[in-house]
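Please look at the structure shown below together with its sequence, and keep both at hand while reading. The report takes up a few kinds of side-chain contact, one after another.

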Amino acid sequence: MTVGTHASAQGPPRPPAAVCVGESMVVLVADRPGPLEDVPSFRRDAGGAESNVACGLTALGIPAAWISRVGDDGFGRHLTGALAARGVDVSAVAVDPLRPTGLYVKEIGGDGSRPHDLGPGVTRMHYRRSGSAAAALGPELLADPSAARLLDAAPLIHLSGITAALSDSCLALLRELLTLRRPGRAVSFDLNWRPALWHGRDPGVLHGLMDAADLVLLGADEAESVLGTGDPRALRTLLPGPQTLVVKDAGHTATAVHRDGTTVTEPALPVEVVEATGAGDAFAAGYLAGVLRGLDEQRRLRLGHLSAALVLTVPGDHGAPIPPPVVAALLTADPAAWAATRVTARGIESPVLAAVDAPPNGSGGWAAE
């Protein structure tokens with residue numbers, strides 16, 4: 001592993017409450033639907049599970065840092081600049097002089113009339129991440145003063161199963177990070193199952209990683225693939241270590257099961273879905289923001305649902321920031337008002353928002369701007 005210099009960017013004024021560790025990539029998004037061979041140009045963006053969570057946390061007012069490695073190239077400089085512009089502390093992102101920044105191309109389905117068209121509502125990611133700078137992350141990170149400063153001070157460290165699949169050194173780093181125990185600090189782990197990444201690698205290591213975390217987030221469908229069941233109580237038996245398991249059942253419910261057996265289930269909001277990319281990361285950011293704010297379990301799950309819903313209504317990984325009065329009104333709504341809330345690309349419609357001081361959408365709700 002080559003240890004490089006650090007990206008130069010100014011962090012947020014408050015020390016990060018959460019540190020997210022993992023790969024981010026530059027995204028080239030097709031500027032129009034259809035097969036890639038027919039797309040004339042692409043729009044550049046930034047994408048990656050852990051950096052998405054960091055951005056989601058900062059949007060909710062939680063100072064967050066992202067730690068990774070990028071190449072000494074324009075894509076790497078774009079990544080750190082874009083995340084810093086969203087308020088994420090990137091002071092411990094190392095610049096690798098030899099390896100490139102990873103990237104992927106996002107293909108968007110058209111009307112299905114052309115050969116190789118994915119079809120309406122379908123997107124596909126084409127990854128070019130092999131040998132990337134982030135794949136060279138390893139336990140040596142813990143000796144880096146810039147990273148150690150952030151990791152030692154933050155009450156939350158967030159990881160995902162994507163990092164474990166990138167390389168042996170990345171897996172070793174996650175194992176080390178999961179041993180960083182001290183009073184007042186938690187390590188969260190999002191399964192983020194990506195089957196293609198595990199070709200030639202043993203996904204069985206994910207069980208041990210999840211069981212070593214304090215808080216685990218996973219979808220019922222991906223849990224079924226990795227652990228053989230998506231049932232929250234069965235998963236609790238398979239993973240006795242974490243204090244809390246949060247199991248997401250697609251767009252229906254999310255269930256938190258605590259170590260003592262206490263279970264809380266909260267329904268998701270009706271959403272007019274534009275694209276699903278990034279919704280899982282947004283849910284994680286909302287839920288973790290609730291944890292860091294000391295919210296009760298119901299409001300943590302609601303904040304996760306709300307954050308995910310806003311991302312589902314846009315063609316990208318980040319939804320519109322929600323004014324705090326809107327968030328507060330929805331988190332404290334009674335079950336009937338929560339069930340009557342609907343999220344669309346135009347904003348949020350809910351009976352509890354009529355009296356809230358926020359941009360109206362013309363129907364008693366909040367308008368996304």
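Is D296 buried, exposed or partly exposed? In this model, which is predicted, D296 has a relative accessible area of 38%, and it is therefore partly exposed.

## Salt bridges

D296 forms a salt bridge with R299, and the closest N and O atoms of the two are 3.4 Å apart. Elsewhere, salt bridges that share partners join R69, D96 and R99 into one network. The count for the structure comes to 12 salt bridges.

Another of these contacts is the salt bridge in which the side chains of E266 and R302 meet, at 2.7 Å from N to O. Because E266 belongs to strand β15 (residues 263–267) and R302 to helix α10 (residues 297–312), this pair ties together parts that are 36 residues apart in sequence. E266 counts as buried at 5% relative accessibility, and R302 counts as buried at 1%. A further salt bridge is formed by the side chains of R346 and E272, at 4.0 Å from N to O. Here R346 lies in the loop between β16 (342–344) and β17 (347–349), while E272 lies in the loop between β15 and α9, so the pair ties together parts that are 74 residues apart in sequence. E272 is partly exposed, with a relative accessible area of 30%.

## Aromatic pairs

The count of aromatic pairs comes to 3. One of them joins Y104 and Y127, whose rings are tilted, with 4.9 Å from centre to centre and 40° between the planes. Since Y104 lies in strand β8 (residues 103–108) and Y127 in strand β9 (residues 123–128), the pair ties together parts that are 23 residues apart in sequence. Y104 is buried, with a relative accessible area of 7%, whereas Y127 counts as partly exposed at 35% relative accessibility.

A stacked pair is formed by F283 and Y287, with 6.4 Å from centre to centre and 10° between the planes. Both residues lie in helix α9 (residues 279–293), where they are 4 residues apart, about one turn of the helix. F283 is buried, with a relative accessible area of 4%, and Y287 is buried as well, with a relative accessible area of 0%.

## The two sides of helix α3

In helix α3 (residues 145–153), the residues A147, A148, L150 and L151 are buried. Seen down the axis of α3, the buried residues fall within an arc of 165°, and therefore they line one face of the helix. These buried residues pack against β2 (18–21), β5 (64–67), β10 (156–160) and α5 (168–177).

The face of α3 that is turned away from the buried side carries the exposed residues P145, D152 and A153. At the start of α3, a side-chain oxygen of D144 reaches to within 2.8 Å of the backbone nitrogen of S146.

A disulfide is a covalent bond between the sulfur atoms of two cysteines. How many disulfides does the structure hold? The number is 0. The closest cysteine sulfur to that of C20 is in C55, at 9.0 Å, which is too far for a bond, and C55 is likewise in no disulfide. C20 counts as buried at 0% relative accessibility, and C55 is buried, with a relative accessible area of 5%.

Methods:
Residues are numbered from 1 along each chain as its sequence is written. This is a predicted model: local features need pLDDT of at least 70, side-chain atom pairs count only at pLDDT 80 or more; totals for chains, interfaces and linings use all residues. Side-chain values use heavy atoms; hydrogens and water are left out. Rings of Phe, Tyr and Trp (its six-membered ring) pair if their centres lie within 6.5 Å; planes under 30 degrees apart count as stacked, over 60 as edge-to-face and the rest as tilted. Buried means under 20% relative accessible area, exposed over 50%, partly exposed in between (1.4 Å probe, protein chains only). The arc is that of the directions from the helix axis to the C-beta atoms. Contact means heavy atoms within 4.5 Å. A polar contact is a pair of N or O atoms within 3.5 Å; within protein, one must be able to donate a hydrogen and the other to accept it, and residues adjacent in sequence count only if both atoms are side-chain atoms. A disulfide is a pair of cysteine sulfur atoms within 2.5 Å.
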